Amino acid sequence: MKDVTQTCPLTRGEVMAMYFLEHRARLLDVAAFLDRLDRTCGDDAADFREVALHQAAKILTDGQPHRTARILALLSDCTAELPQSAEGMKGALGAVPLTEGEQA
Amino acid sequence: MKYIDPHIHMVSRTTDDYQRMALAGCVAVTEPAFWAGFDRSSAQGFFDYYRQLTEYEPKRAAQFGIQHFTWLCINPKEADDPAFARDVISLIPEFLKCENVLGIGEIGLNKNTRNEQIILEEQIELAEKHHQMVLVHTPHLEDKRKGTRLIMDALQASNIDPGRILIDHVEEHTVGEVLDRGFWAGMTLYPDTKMTPQRAADVIEMYGSERLWMNSAGDWGCSDPLAVPKAQQELRRRGHTTELIEKVTWGNPQEFLSQSERFQVSEK
């Protein structure tokens, strides 16, 4: 991937001062969402979106660049097949259902 | 600061939005034909829509000193029925004569189906035959990367110069490949589901300001017709130069769109 070091004109301290509170709030939103999932009724297993979210969370803390592009790639359809028609298909869900092998 | 919003669906917005956009510095908009939130039941519905885009909407914009241009097509979501789509496409050549029409758009894919692909290819042929520029819609969410590659492959199989094609709704995982293949790239700024002004500023920092623009795509969903001036503000807040901000919100759209002799924008 493209080397993007030192492309932001701000210092680390300036970025932190400008954006920390906004992203602290967003992180708490994600935490609350996961807590909400834990508090749900019934015994549904985690679906593919929840699995994808946990996989994406690992990318956030891996210390490597291009986290956004890599998370978007993780959430992308990588198949080559083209269905003939969209008849009966659902709208986009934001993540890709697991294959049988991945579910096992 | 003046700006152009090169992709916004004003038919879905109120007249107040034109006023607010004008106050924020908007000088011109370009409006691609799109899905209305429901499937039209006949080609006649598109005929009326094309009249709205070419006759009515320019007058509404002009009340606030905004110039209105448009792009015509059948959108990918309604292109999954090839026979229906061909009926609609047959209406388009007559409207290409209208003075505010800049090209064919927003064509592309929605669910990456063969039917959508067939109609995409036929609309690329239409653009080629009539020497039109092309504005491209790329699929949302998990379908975007695959769809963007399929669309670029189809476009590169034609004889249209990639410099006359803008691939819209790029995100971090598609922008590099779009630019590397010689196309222009558009970032759609949305409050929730697409790219934020902050992320758009990040992309400009990482990929540079050549062949890149930003738009609001303001439509009938949750969207913000002032997203472009908000992105200008975000770039300014980070200390970027006025020259860079003007380039991505004024100079670049003007450079791309001026490839149509119809796009003459007054800077007053």
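How many residues of chain A are in contact with how many residues of chain B? In this predicted model, 24 residues of chain A are in contact with 25 residues of chain B. Contact requires that the C-beta atoms of two residues, placed from the backbone, lie within 7 Å. The side of chain A that touches chain B divides into 16 nonpolar, 6 polar and 2 charged residues. Here Ala, Val, Leu, Ile, Met, Phe, Trp, Tyr, Cys and Pro count as nonpolar, Asp, Glu, Lys and Arg as charged, and the others, Gly among them, as polar.

Residues are numbered from 1 along each chain as its sequence is written, and chains are lettered from A and ligands numbered from 1 in the order in which they are written. In this predicted model, local features need pLDDT of at least 70, side-chain atom pairs count only at pLDDT 80 or more, and totals for chains, interfaces and linings use all residues.

Chain A has 4 helices and 0 strands. Helices (H or I, at least four residues) and strands (E, at least two) are DSSP runs, numbered from the N terminus. Along the sequence, chain A reads α-α-α-α. The radius of gyration of chain A is 18 Å, well over the 13 Å that the globule rule gives for 104 residues, so chain A is more spread out than a compact globule. This radius is taken over C-alpha atoms, and the rule is 2.2 Å times the number of residues to the power 0.38. The C-alpha atoms of chain A fill a box of roughly 50 × 40 × 25 Å along the principal axes.

Of the 104 residues of chain A, 7% count as buried. A residue is buried if 20 or more other C-beta atoms lie within 10 Å of its own, exposed if 12 or fewer, and partly exposed in between, with C-beta atoms placed from the backbone. A:Ala69 is buried, with 21 other C-beta atoms within 10 Å. A:Ala69 lies in helix 3 (residues 67-74) of chain A. Neighbours within four places in sequence aside, A:Ala69 is in contact with A:Met1, B:Glu172 and B:His173. A:Thr40 is 29 residues from A:Ala69 in sequence, and the two are 31 Å apart in space, C-alpha to C-alpha.

Chain B holds an open sheet of 8 strands. The order is 1-2-3-4-5-6-7-8, with parallel pairing. Strands pair if DSSP finds at least two bridges between them. Strand 1 (3-5) and strand 8 (212-215) of chain B stand at the edges, each with a single partner strand, so one side of each is left without a neighbour in the sheet. From one strand to the next, the twist averages 25°. Axes are lines fitted to C-alpha atoms, for helices over the stretch in contact, and angles run from 0 to 180 degrees between N-to-C directions.

Strand 2 (residues 26-32) of chain B pairs with strand 3 of chain B in the parallel sense over 5 bridges. B:Ala28 stands opposite B:Gln67 in strand 3 of chain B. Strand 2, helix 2 and strand 3 of chain B make a right-handed β-α-β unit; in a right-handed crossover, with the strands pointing away from the viewer, the path from the first strand over the helix to the second runs clockwise. Strand 3 of chain B is largely enclosed by the rest of the structure, because 5 of its 6 residues are buried. B:Gln63 lies in the loop between helix 2 (43-62) and strand 3 (67-72) of chain B. B:Gln63 counts as exposed, with 11 C-beta neighbours inside 10 Å.

Strand 3 and strand 4 of chain B also pair in the parallel sense, over 3 bridges. The bridge partner of B:Thr70 is B:Val101 in strand 4 of chain B. Helix 5 (residues 114-129) of chain B lies across strand 4 (101-108) and strand 5 (133-137) of chain B, at about 165° to strand 4 of chain B. B:Glu106 lies in strand 4 of chain B. A cis peptide bond joins B:Gly105 and B:Glu106, with omega about -5°. Most peptide bonds are trans, and most residues other than glycine have a negative phi.

B:Met187 stands opposite B:Met214 in strand 8 of chain B. B:Arg211, in the loop between helix 8 (197-207) and strand 8 of chain B, has a positive phi near 55°. B:Arg211 is partly exposed, with 19 other C-beta atoms within 10 Å. B:Ala217 also has a positive phi, near 50°. B:Ala217 is found in the loop between strand 8 and helix 9 (227-237) of chain B, and counts as buried, with 26 C-beta neighbours inside 10 Å.
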